[in-house]
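Hi,

Here is the model I promised to pass on.

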Amino acid sequence: MSALFTPLALRGVTLPNRIALAPMCQYSAGPDGLPTDWHRVHLGSRAVGGAGLVITEATAVVPEGRISPQDTGLWSGAHVDAWRPITAFVAAHGAVPAVQLAHAGFKASTYRPWAPRRGGVPDAEGGWTPVGPGDQPFVPEYRTPTALDEAGIAAVVDAFATAAGRALDAGFAAVEIHAAHGYLLHEFLSPLTNRRTDGYGGDRAARMRLTLEVARAVRAAVGESVPVLTRISATDWTDDGWTVDDSVVLAGELAAAGVDLIDTSSGGAAVQSSIPVGPGYQVPLAARIRRDAGVPTGAVGLIVEPEQAEQIVAGGEADLVLLGRELLRDPYWPRRAAAKLGATPAWPDQYTRAF
């Protein structure tokens with residue numbers, strides 16, 4: 001029996017298999033962060049393709065939390081209404097719809113990748129002043145952020161919780177907190193980007209405080225039956241940065257705060273870092289956290305072949321595999337993987353016999 005195609009129970013939700021669509025920015029939202037037909041096709045096709053968990057791109061909890069003006073959001077009732085037909089389609093085709101709740105921090109208000117310009121978007125072109133743990137930009141080309149005071153931090157926590165409640169109204173069955181890739185929560189975690197001297201900076205416990213407050217607030221907002229995941233950067237891949245040892249401690253604290261699975265990515269806080277990119281290069285990070293923190297994990301990063309994904313789950317390195325670029329290339333990868341591994345999942349629709 002294939003481990004990759006066994007169900008995974010997370011609180012009151014059971015994933016039909018261990019394959020997830022990783023959250024990937026599409027930079028294709030409509031005005032004011034509303035999802036469009038692009039998102040229905042992008043997310044829906046991966047549900048039809050057999051992924052057990054389908055996670056949206058980084059979806060901002062406040063307007064100034066968007067990476068680019070073309071990012072999706074979940075800060076109003078209009079967003080709830082726009083997401084509902086998308087989550088309904090995903091669920092109707094057998095996948096669990098999940099939203100990644102995010103705040104880009106000092107990486108906000110930037111041009112989308114294919115824009116003719118790079119760096120920070122000015123106000124005249126729909127940009128805004130970002131916020132962060134301090135007042136230093138990520139790179140000189142980005143906009144200079146405003147340092148959050150304690151009232152601003154409290155507002156961020158409330159925004160995550162409020163967006164989590166809206167997510168349930170929109171039909172999402174799980175939520176993921178984005179605390180990775182140099183965005184706001186990771187900015188507070190990493191000593192490379194957090195140089196505060198108040199209760200939200202300094203030692204590791206103080207730097208973890210915001211992320212844990214968000215986790216507790218999101219758990220309270222969604223109740224006890226809804227899965228809460230958290231994506232972290234397990235290491236900054238550079239000297240004096242956040243380490244996997246730190247992540248083991250954070251994972252344990254997140255679990256105590258009500259988080260059910262650690263989506264284990266890496267990097268993003270350092271301008272210069274040495275990342276050993278290769279097949280499954282982040283899997284050992286997920287395995288370490290799973291083993292030492294005793295917390296379920298998801299593995300992501302150049303997971304390409306069905307046999308590779310099968311071994312990750314069967315070998316106990318992670319409980320879930322998240323596919324990004326491979327599912328962009330082939331939305332039907334899970335169905336092809338099932339055929340290759342000799343698995344016989346009960347696909348819920350008319351496409352079963354095509355594979």
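Helices (H or I, at least four residues) and strands (E, at least two) are DSSP runs, numbered from the N terminus. Keep in mind that this is a predicted model, so local features need pLDDT of at least 70 and side-chain atom pairs count only at pLDDT 80 or more, while totals for chains, interfaces and linings use all residues. Residues are numbered from 1 along each chain as its sequence is written, and side-chain values use heavy atoms, with hydrogens and water left out.

Strand 4, helix 2 and strand 5 together make a right-handed β-α-β unit (right-handed: with the strands pointing away from the viewer, the path from the first strand over the helix to the second runs clockwise).

How many residues of strand 5 are buried? The count is 7 of its 7, where buried means under 20% relative accessible area, exposed over 50% and partly exposed in between (1.4 Å probe, protein chains only). Both faces are covered: Val96, Ala98, Gln100 and Ala102 lie on one side, with Pro97, Val99 and Leu101 on the other.

**Aromatic rings**

Rings of Phe, Tyr and Trp (its six-membered ring) pair if their centres lie within 6.5 Å; planes under 30 degrees apart count as stacked, over 60 as edge-to-face and the rest as tilted. That rule gives 4 aromatic pairs. One of them is tryptophan 83 with phenylalanine 172, edge-to-face at 5.4 Å centre to centre and 65° between the planes. This pair links distant parts of the chain, 89 residues apart: tryptophan 83 is in helix 2 (residues 77-92), and phenylalanine 172 is in the loop between helix 3 (150-169) and strand 8 (174-179). Both tryptophan 83 and phenylalanine 172 are buried.

Phenylalanine 106 and phenylalanine 138 have ring centres 5.6 Å apart and planes at 35°, so they make a tilted pair. Phenylalanine 106 is buried, at 6% relative accessible area, and phenylalanine 138 is buried at 17%. Ring pairs link Phe106, Phe138 and Tyr142 into a cluster.

On a 1 Å grid over the protein atoms alone, a cavity is a set of points where a 1.4 Å probe fits but cannot get out, and a pocket is an open set with protein on both sides within 12 Å along at least five of seven lines; lining residues have an atom within 4 Å of a point. The largest pocket is lined by 32 residues, with Pro23, Met24, His181, Arg231 and Ser265 nearest its centre. Helix 9 gives the most to that lining, 4 residues.

Tyr183 turns up again in the lining of the largest cavity, along with residues including Ala58, Arg66, Asp71 and His103. Strand 4 supplies the largest share of that lining, 3 residues.
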